[in-house]
Amino acid sequence: LYIIVGLLIIITGILLLIYGNSLVRYFRLRKMRKEYENFSQGLTEYIRSLKSSPESDLAEQALVYWKKYQERLDKFPFTKLTTKEILSQPFTRELKKPLHSIDRLVYGKRETESIFQDFQQIEDFTQYRYNKKVAEIKDGK
């Protein structure tokens, strides 16, 4: 019995040495994909709601939802930063128009008809960042 258990431990150790990085990468990608799918589904619901009734409270909830996911994805404190601070980062330049438009609705209470399009641009940005992270993981970075 001790010999069998010992052999199983040795074989498991060898397999982990050979395939360990691949297994870790697989499970990390799987977790990221599930998180992204859940995020995308939730943001799509917010976008549908905003399309039918663009309310500032709903836009604020959607913005916080996006910031929380983006914070987990990029390991960057989006929830603690203002729009100006977020836009000062080099990788967020394309968010200038949508974030300013969302801020006008949330803080200025100025309704815009295209608020759902701004959130769609934010979702496109997040999808790009997600794909970039996936590629980095696949490349072993």
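# Close-up views of a predicted model

**View A. Glu45 and Arg48 join their side chains in a salt bridge, with 2.6 Å from N to O.** Here a salt bridge is a side-chain nitrogen of Lys or Arg within 4 Å of a carboxyl oxygen of Asp or Glu. Please keep in mind that this is a predicted model, in which local features need pLDDT of at least 70, side-chain atom pairs count only at pLDDT 80 or more, and totals for chains, interfaces and linings use all residues. Residues are numbered from 1 along each chain as its sequence is written, and side-chain values use heavy atoms, with hydrogens and water left out. Both partners sit in helix α1, three residues apart, or about one turn of the helix. Helices (H or I, at least four residues) and strands (E, at least two) are DSSP runs, numbered from the N terminus. Glu45 has a relative accessibility of 44%, so it counts as partly exposed. That scale calls a residue buried under 20% relative accessible area, exposed over 50%, and partly exposed in between (1.4 Å probe, protein chains only).

**View B. Asp74 and Lys133 form a salt bridge whose closest N and O atoms are 3.9 Å apart.** This pair links distant parts of the chain, with Asp74 in helix α2 and Lys133 in helix α5, 59 residues apart. Are Asp74 and Lys133 buried or exposed? Both residues are buried. Look also for Arg129, which is linked with Asp74 and Lys133 in a network of salt bridges. A search of the whole structure finds five salt bridges. As background, side chains of opposite charge can pair when their charged atoms come close.

**View C. A salt bridge joins Asp118 to Lys97, with the closest N and O atoms 3.3 Å apart.** Again the pair links distant parts of the chain: Asp118 belongs to helix α5 and Lys97 to helix α4, 21 residues apart. Asp118 is buried because its relative accessible area is 1%, whereas Lys97, at 52% relative accessibility, counts as exposed.

**View D. Eleven aromatic pairs are counted in this model, and one of them is the stacked pair of Phe39 and Tyr69.** Rings of Phe, Tyr and Trp (its six-membered ring) pair if their centres lie within 6.5 Å; planes under 30 degrees apart count as stacked, over 60 as edge-to-face and the rest as tilted. For Phe39 and Tyr69 the values are 4.3 Å centre to centre and 10° between the planes. Phe39 lies in helix α1 and Tyr69 in helix α2, so their pairing ties together parts that are 30 residues apart in sequence. Phe39 counts as buried at 2% relative accessibility, and Tyr69 counts as buried at 3%. Which residues do ring pairs link into a cluster? They are Tyr36, Phe39, Tyr46, Tyr65, Tyr69 and Tyr130.

View E. Phe39, our last stop, is buried at 2% relative accessibility. The Phe76 and Phe91 ring centres are 5.7 Å apart with the planes at 80°, so this pair is edge-to-face. It links distant parts of the chain: Phe76 is in the loop between α2 and α3 (83–87), Phe91 in the loop between α3 and α4 (96–108), 15 residues apart. Phe76 counts as buried at 17% relative accessibility, while Phe91 is partly exposed, with a relative accessible area of 22%.

**View F. The largest pocket has a volume of about 290 Å³.** On a 1 Å grid over the protein atoms alone, a pocket is an open set of points where a 1.4 Å probe fits, with protein on both sides within 12 Å along at least five of seven lines; lining residues have an atom within 4 Å of a point. Grid points are joined across faces, edges and corners, and the volume is the space filled by probe spheres set on the points. Twelve residues line this pocket, and Arg28, Met32, Arg72, Leu73 and Lys75 lie nearest its centre. Helix α1 gives the largest share of the lining, four residues. The lining divides into four nonpolar, no polar and eight charged residues. In this count Ala, Val, Leu, Ile, Met, Phe, Trp, Tyr, Cys and Pro are nonpolar, Asp, Glu, Lys and Arg are charged, and the others, Gly among them, are polar. Lys75 lies in the loop between α2 and α3, and its phi is near 55°, a positive value in a residue other than glycine.
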